[in-house]
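Dear colleague,

I am handing over the structure we spoke about, and would be glad if you could look through it alongside the notes that follow.

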Amino acid sequence: MRVGVITFPGTLDDVDAARAVRYAGGEAVSLWHADHDLKNVDAVIVPGGFSYGDYLRCGAIARFAPVMQEVVDAAKKGMPVLGICNGFQILCEAHLLPGALIRNHKLHFVCRDQWLKVENNETAWTSRYDKGAEILVPLKSGEGGYQADRSTLDELEGEGRVVFRYVGENPNGSRNDIAGITSANGRVVGLMPHPEHAIDALTGPTDDGLGMFLSLVDSVVTA
Amino acid sequence: MVKTDTVKNAESTPDQDQPYKELGLKDDEYARIKDILGRRPTDAELAMYSVMWSEHCSYKSSKVHLKYFTDTTTDEMRSKMLAGIGENAGVVDIGDGWAITFKAESHNHPSYVEPYQGAATGVGGIVRDILAMGARPLAVMDPLRFGPADAPDTRRVLPGIVAGVGGYGNCLGLPNIGGEVVFDATYAGNPLVNALCVGAMRVEDLHLAHASGAGNKVILFGARTGLDGIGGVSVLASETFDDSAGAGKRKKLPSVQVGDPFTEKVLIECCLELFAERIVVGIQDLGGAGLACATSELASAGDGGMHVYLDRVPLRASGMTPAEVLSSESQERMCAVVRPEDLDAFMAVCAKWDVIATEIGEVTEGDRLVITWHDEVVLDVPPRTVAHEGPVYHRPIERPADQDALQADTPDKLAKPADDELLDLVKTMAASPNLASKRWVTQQYDRYVRGGTVLAQPADSGMIRIDETTNRGVALSTDCNGRYAKLDPYAGAQLALAEAYRNVATTGATPVAVTNCLNFGSPEDPAVMWQFEQAVKGLADGCVELGIPVTGGNVSFYNQTGATAILPTPVVGVLGVIDDVRRRIPTGIGAEAGETLLLLGETREEFGGSEWAHVVHGHLGGLPPKVDLQREKLLGEVLVAGSRDGMLSAAHDLSDGGLAQALVETCLIGEVGARVFLEGEKFTELFSESTARVLVAVPRTEELRFTDMCTARGLPWRKVGVVDPESEALEIQDLGRLPLTELREAWEGTLPALFD
């Protein structure tokens with residue numbers, strides 16, 4: 001089970017995503033932004049950080065990286081892809097997921113332990129959770145407010161494609177308290193919170209996030 | 001049209017007026033430069049000497065005092081030190097083949113002028129210092145000090161500084177694991193922004209900054225050089241301007257530098273790859289004084305001379321003069337010395353990371369630093385005279401005339417609260433700005449990135465795992481109570497040391513080394529120099545008593561508004577080692593069913609400089625709490641032993657606000673209530689700030705074993721209560737109960753109400 005973890009200039013949480021893959025029993029494979037090469041991986045994680053500094057608009061430049069063209073092609077063929085934080089922003093910019101992420105409504109970067117409700121446990125990345133379960137993982141972002149037009153939101157809600165929702169006070173002004181969404185086929189998932197930072201209660205608030213990586217290992221084994 | 005002032009020109013125009021005073025040089029310093037060179041300096045030389053001989057770079061007022069740190073460090077204290085004072089940062093061997101480097105630095109003045117960029121570049125600078133030692137930077141901490149929390153200017157300065165620290169650190173990918181936020185009126189016109197960075201490397205990978213081996217190449221890499229952060233040197237530019245040529249006034253950029261954390265992140269990864277390939281002979285970061293500092297320090301520490309072709313430096317502004325290129329403090333730049341045969345490999349790594357790298361010179365035979373600008377020599381100096389043999393001052397020292405009166409004005413005369421007012425006072429104190437939760441600040445900092453953070457604010461110390469296989473890690477705390485230091489700078493520095501030491505031990509780590517960031521007023525004021533001398537002595541003597549060395553530090557003078565100096569603020573950082581981070585002691589109670597609360601140490605009536613006197617009476621006078629470093633040492637040993645044997649489920653240091661504040665915090669962080677019983681005078685029990693005390697939670701099954709150990713070792717202890725998960729309140733016997741919801745509102749509400 002080989003899981004690619006992309007590094008762009010300015011990627012920060014690649015080491016953490018790779019560690020989470022290893023904790024779940026997978027093999028983490030480094031993918032370089034400038035290469036047209038997915039190194040025969042079974043799935044890809046686009047990790048958090050500030051790709052290319054994110055000075056223009058989060059993820060706007062990363063989507064044009066050579067490796068992202070390969071990711072888009074592979075995703076269209078059904079490869080599981082997970083975008084975390086900046087990775088979620090990049091997947092939205094690359095149109096693998098609908099909508100966009102904007103500045104937090106209070107305009108500050110927010111780092112906190114955040115309760116999430118699992119709304120959809122039928123994606124490649126969430127099968128290990130019970131539907132309706134609540135998990136505690138870190139949220140750390142300045143531009144995490146999920147935005148989409150009314151019809152997109154209706155479509156996401158109607159098709160059950162909201163994967164995670166914030167519990168309690170909305171931390172960043174996301175529409176419908178959306179923390180994460182999935183593609184129509186449930187293979188591509190993007191979320192602002194960081195499950196890779198909740199794989200061990202020693203270094204995170206819980207190990208609730210490990211379920212996402214275990215789910216992936218399951219999905220590839222059973223596929 | 002800018003005329004270049006060459007060495008040849010300087011020789012032929014010996015009497016030309018030079019703006020050395022505007023650049024901060026004194027008459028005798030200017031005369032000494034002429035003496036060294038045997039002629040007047042060129043513009044470029046004047047720029048280099050003036051920045052390198054500034055207080056910031058040369059430590060000219062503090063040097064004679066700082067020597068005391070080295071003089072008092074014994075061989076035994078030095079045994080784990082791989083590099084110490086004088087290097088970019090101190091390095092300590094922590095076992096398992098790991099070396100830790102850590103250092104703090106101030107960025108006070110820029111942060112007042114431009115809070116966001118001042119604070120951001122403060123973080124960037126200290127991170128490069130750590131990188132230059134060959135280490136991977138792993139975490140940052142930020143001790144901050146502001147004017148009164150409700151002052152209008154604090155609303156301008158604080159949000160900008162916090163956003164700057166966060167904006168840079170978050171984008172750089174370093175967790176922020178602690179620090180301080182302190183408010184006091186003396187910082188109103190002069191906030192303190194100190195930044196600490198810690199990094200790790202394998203012992204064999206230590207890099208020291210020197211340029212050895214004639215023929216080796218000097219490479220400048222990272223960001224381009226621009227007109228930002230030039231400060232006083234712009235005086236030279238305007239002096240050499242020929243306005244009549246119609247060039248008009250050149251646009252001046254602010255003297256505060258502008259940070260680009262993305263470039264720094266890429267620079268870090270690029271440097272680490274270069275280190276791993278072992279193709280770097282020497283490396284130096286570019287910080288204060290830019291290339292002037294980097295080239296002169298590299299050359300001065302090496303065994304030869306250096307030739308720099310300054311016109312090869314990639315610029316981001318047009319028409320820059322050699323003096324400006326030398327003194328620019330553009331951020332995110334490094335300078336490396338590389339063997340010629342490794343040049344291609346070096347350039348390939350830089351190209352991979354899209355880092356601009358330029359060969360700007362070479363190490364030469366001889367002992368001169370020569371800089372040319374389009375084939376003309378604009379600088380030709382002995383580098384040691386610039387970097388290591390700057391002026392040294394023995395500034396006048398005088399104990400302030402009002403020091404006796406200040407110490408005589410004890411808090412004894414202050415009205416004490418009646419017992420039925422104490423419960424409200426607990427809440428009032430918890431809501432006061434210095435004691436209130438700093439969540440509003442710390443939640444703007446990423447504390448999780450890199451996945452090694454085991455403890456972060458509001459824990460007593462930050463803790464990171466260094467080795468994922470062995471779980472070895474380090475803990476760090478920075479502390480200083482400026483009010484204590486004002487009352488008695490010698491004791492105040494020791495109290496800062498004691499608190500940082502205690503905070504590290506409270507999380508289960510063994511303290512091993514010390515760094516500092518000494519923030520003081522003007523060194524030209526004999527009273528300030530007295531404070532400084534006393535603080536240095538106190539800190540050094542304290543370190544000897546504790547047996548841990550000072551490995552480095554930073555001095556920041558001229559922190560004052562008009563004639564009013566800040567409280568003397570010797571911030572002390574203590575590094576601790578923990579062989580297995582899984583045994584760390586958390587701050588919050590309630591992790592285990594059935595815990596007893598014990599107070600370790602002794603409580604005396606000590607309110608001089610206390611938070612209570614400050615909040616309730618606005619009073620500062622008397623003497624600070626008694627220092628007892630032997631007791632601190634014993635307390636530390638007991639805490640580490642308790643952690644090692646799994647006898648402690650939580651621990652929290654008692655400091656500002658005393659037992660009351662420790663109880664509030666440990667309940668709120670653990671999200672459980674407690675029942676507490678006091679002995680003796682209740683007000684003193686709750687609010688005294690006697691040192692060498694820690695509140696611990698012990699699982700009932702371990703209680704006897706732990707208290708027996710305390711008794712056997714001679715550490716006073718007393719049972720003060722039990723954790724009560726059912727009550728959801730802090731109950732104090734005979735006084736009443738404080739519901740946690742009310743306490744939380746008080747503790748967490750203050751900063752958002754002021755700054756949201």
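Which residues of α23(B) are buried? Please bear in mind throughout that this is a predicted model. In α23(B) the buried residues are Leu629(B), Arg631(B), Glu632(B), Leu635(B), Gly636(B), Val638(B), Leu639(B), Val640(B), Gly642(B) and Ser643(B). The helix itself covers residues 629-644 of chain B, 16 residues in number, and spans 22 Å from its first C-alpha to its last, close to the 22 Å expected at 1.5 Å a residue. Just after α23(B) comes Gly646(B), which takes a positive phi of about 65 degrees.

Turning to the domains, the assignment for chain B gives domain 1 as 7-61 + 207-242 + 251-387 and domain 2 as 85-205 + 401-755, with 38 Å between their C-alpha centres. Their contact draws on 26 residues from domain 1 of chain B and 28 residues from domain 2 of chain B. On the side of domain 1 that touches domain 2, α11 (261-276) and β8 (282-285) of chain B each supply at least two residues, and the largest share, 8 residues, comes from α11(B). By class, that side of domain 1 of chain B has 14 nonpolar, 7 polar and 5 charged residues.

One further residue is Thr684(B), which lies in helix α25 (residues 682-687) of chain B. Leaving aside neighbours within four places in sequence, Thr684(B) is in contact with Thr603(B) and Glu605(B).

With best wishes

Conventions:
Residues are numbered from 1 along each chain as its sequence is written. Chains are lettered from A and ligands numbered from 1 in the order in which they are written. This is a predicted model: local features need pLDDT of at least 70, side-chain atom pairs count only at pLDDT 80 or more; totals for chains, interfaces and linings use all residues. Helices (H or I, at least four residues) and strands (E, at least two) are DSSP runs, numbered from the N terminus. Two residues are in contact if their C-beta atoms, placed from the backbone, lie within 7 Å. The expected span of a helix is 1.5 Å times one less than its number of residues. A residue is buried if 20 or more other C-beta atoms lie within 10 Å of its own, exposed if 12 or fewer, and partly exposed in between; C-beta atoms are placed from the backbone. Domain bounds come from an automatic or database domain assignment. Ala, Val, Leu, Ile, Met, Phe, Trp, Tyr, Cys and Pro count as nonpolar, Asp, Glu, Lys and Arg as charged, and the others, Gly among them, as polar.
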